[in-house]
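I open the notebook on a new model. I want one residue first, then the fold around it.

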Amino acid sequence: MSRGFALVVRFRLHDDVAAKGFDALVARTTPEIERLEAGTLAYVVHSVPGEPLIRVFYELYADRAAFDAHEQQPHTKRFLADRAQYTSGVDVTFMQADSGKAPMPR
């Protein structure tokens, strides 16, 4: 298994209106990630049952360089700038894969 570079990001949203705006921002951003980022192996956005103002992202990159490239993309920079209006908190956990099964590279 390739070690890869992964993170989990937990977003706390202000209210239902902010959640709708955040979800729309995500919907505009994720197609660009899928289309332009070969080094982004997984970028999965989760809602949390029973917690309507929480979103959790799971991101898996081929390596640290792929993550750094993701961070420099115009669509990512736009997402990072625009998300602040919707969020009341963000928690990021960086992870290193030690074992398991990973998606096949594209």
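Entry 1. I looked up E71 and got 26% relative accessibility, so E71 counts as partly exposed. The scale: buried is under 20% relative accessible area, exposed is over 50%, and partly exposed lies in between, with a 1.4 Å probe and protein chains only. This is a predicted model; local features need pLDDT of at least 70, side-chain atom pairs count only at pLDDT 80 or more, and totals for chains, interfaces and linings use all residues. Residues are numbered from 1 along each chain as its sequence is written, and side-chain values use heavy atoms, with hydrogens and water left out.

Entry 2. I placed E71 in helix α2, residues 64–72. Helices (H or I, at least four residues) and strands (E, at least two) are DSSP runs, numbered from the N terminus. I listed the contacts of E71 (heavy atoms within 4.5 Å). Setting aside neighbours within four places in sequence, E71 touches T76, K77 and L80. I also checked I54: it sits 17 residues from E71 in sequence and 22 Å away in space, C-alpha to C-alpha.

Entry 3. I counted three helices and four strands. From the N terminus the order reads β-α-β-β-α-α-β.

Entry 4. I traced the sheet. It is open, has four strands in the order β2-β3-β1-β4, and pairs antiparallel. Pairing requires at least two DSSP bridges between two strands. Between β2 and β3 I found eight bridges. One residue I followed was H46, whose bridge partner in β3 is V56. Helix α1 packs on the sheet and touches β1, β2, β3 and β4. The direction of α1 makes about 20 degrees with that of β3. Axes here are lines fitted to C-alpha atoms, for helices over the stretch in contact; angles run from 0 to 180 degrees between N-to-C directions.

Entry 5. Which residues touch the most other members of the largest nonpolar core? They are F11, F22, F57, Y61 and F79, out of 18 residues. Such a core is a set of buried Ala, Val, Leu, Ile, Met, Phe, Trp, Tyr and Cys residues joined through side-chain atoms within 4.5 Å. Two or more residues each come from β1 (5–13), α1 (16–36), β3 (51–61) and α2. The largest share, six residues, is from α1. I then took F79: beyond four places in sequence, F79 contacts F11, F22, L25, V26, T29 and F57.

Entry 6. For the whole protein, 33% of the 106 residues count as buried.
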